[in-house]
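Hello,

Here is the structure I said I would pass on. My notes follow below it.

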Amino acid sequence: MAIHESVRLSLQIVKVLVTVCLILIPVLSSFVATGIDGIVPLIQQHYNINDSETATIRTTSSITHTFTLALVWFFGDSFKRRRLFLLSVGTWITLSILSIVLGVNSFMLFVVFRALGAAASSVFSVLVPVILADLYHDRALGVALMCLSVSEMAAKITIVNSIVLMTGTGIGLPLILWFAQSSLRSSQGWRHGTGPFSGKKGNDRAFPIVTGVGATANIGLFTFSVLLMDKSYVLSLITTFCVGISNASGAALGQQMLLMVIPSSSRAAGVALSRLVAGIVSTPSAQIIGFISDAIRGDSTLPYDKFHAYQLF
């Protein structure tokens, strides 16, 4: 009996360690991608390039990211997930290291390495939630995906607004996840509500209802925070904090709903397709925001007007 308990404990420890590694790898990838934006002046100085040439780094990475998601959508479930995951991680690490040791005359090679690295990171970013869904179910899966979301957001903090937003999201994630899971029937015998729904019949639509309410509140709060930006910065930060809480509904439940309804054999394709569709909207967002920003400040080149336009977006 003691031997069985020891084996069981060992398996649990291995499972936790695997989960930590699965979460840390996309976090490091997000950190590297965000860090590139922060060292653009150093890259330009090293390779002696202008702004338009620098933009090719992000453009080529976006193209390969989108193309890779399409490939994973079609063929991702044809390969063994863990093998494909390890191959993509190894490729990303190798290309990332090679890209930082190039000489001053190797800018195009740098662009190629960064683009292929982005493709590799796109593969394992799709596979991480899929593998987590293979390891965990119901409440445990929700907690694992929540940790993944928080970790990835933490890697992208750059300004005060981001810190306030992430703090709100970090607080909202466990609260919203607990509230939604308390009223959901479980396939493993969790037939009745718990927590605030203790003793009551569970609601199979709890996740989409909570996500829908959160998304609606998020739109209103975000609009309100923008309107308050030039009125009261403190009130705007408070509203931004509330935006983070409302944003947590999608972050906590979105991927879990997707993984719950898609058959295990098609999860990689489902996650890749969802990110591909989202990318159709997010890819041109920078250009759209730029046009709006120019419309707000007009032809003014004053630092204050530029700051006001950037602050809004």
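Is Arg 267 buried or exposed? Arg 267 counts as buried because its relative accessibility is 12%, where buried means under 20% relative accessible area, exposed over 50% and partly exposed in between (1.4 Å probe, protein chains only).

Before the rest, the conventions. This is a predicted model, in which local features need pLDDT of at least 70 and side-chain atom pairs count only at pLDDT 80 or more, while totals for chains, interfaces and linings use all residues. Residues are numbered from 1 along each chain as its sequence is written, and side-chain values use heavy atoms, with hydrogens and water left out.

Arg 267 and α10
Arg 267 sits in helix α10, residues 267-282 (helices are DSSP runs of H or I, at least four residues, numbered from the N terminus). Leaving aside residues up to four places away in sequence, Arg 267 touches Asp 77, Arg 81, Val 130, Ala 133, Asp 134, Leu 259 and Ile 262; contact means heavy atoms within 4.5 Å.

Second largest pocket
The second largest pocket holds about 260 Å³ of space. A pocket here is an open set of points on a 1 Å grid over the protein atoms alone, where a 1.4 Å probe fits, with protein on both sides within 12 Å along at least five of seven lines; lining residues have an atom within 4 Å of a point. The volume is the space filled by probe spheres set on the points, which are joined across faces, edges and corners.

Its lining has 14 residues, with Thr 68, Val 72, Leu 84, Ala 119 and Val 123 nearest the centre. Helices α3 (51-75), α4 (81-99) and α5 (107-135) each supply at least two lining residues, and α3 gives the largest share, five residues.

Thr 68 belongs to α3 and is buried, with a relative accessible area of 9%. The side chain of Thr 68 reaches the backbone oxygen of Thr 64 at 2.6 Å. Beyond four places in sequence, Thr 68 touches Ala 119, Ser 122 and Val 123.

Leu 253 lies in helix α9, residues 233-261, and counts as buried because its relative accessibility is 0%. Leu 253 and Leu 173 are 80 residues apart in sequence and 9.0 Å apart in space, C-alpha to C-alpha. Among the residues that Leu 253 touches, not counting those up to four places away in sequence, are Phe 207, Val 210 and Thr 211. In α8, Phe 207, Val 210 and Thr 211 are among the buried residues.

Regards

Methods. A polar contact is a pair of N or O atoms within 3.5 Å; within protein, one must be able to donate a hydrogen and the other to accept it, and residues adjacent in sequence count only if both atoms are side-chain atoms.
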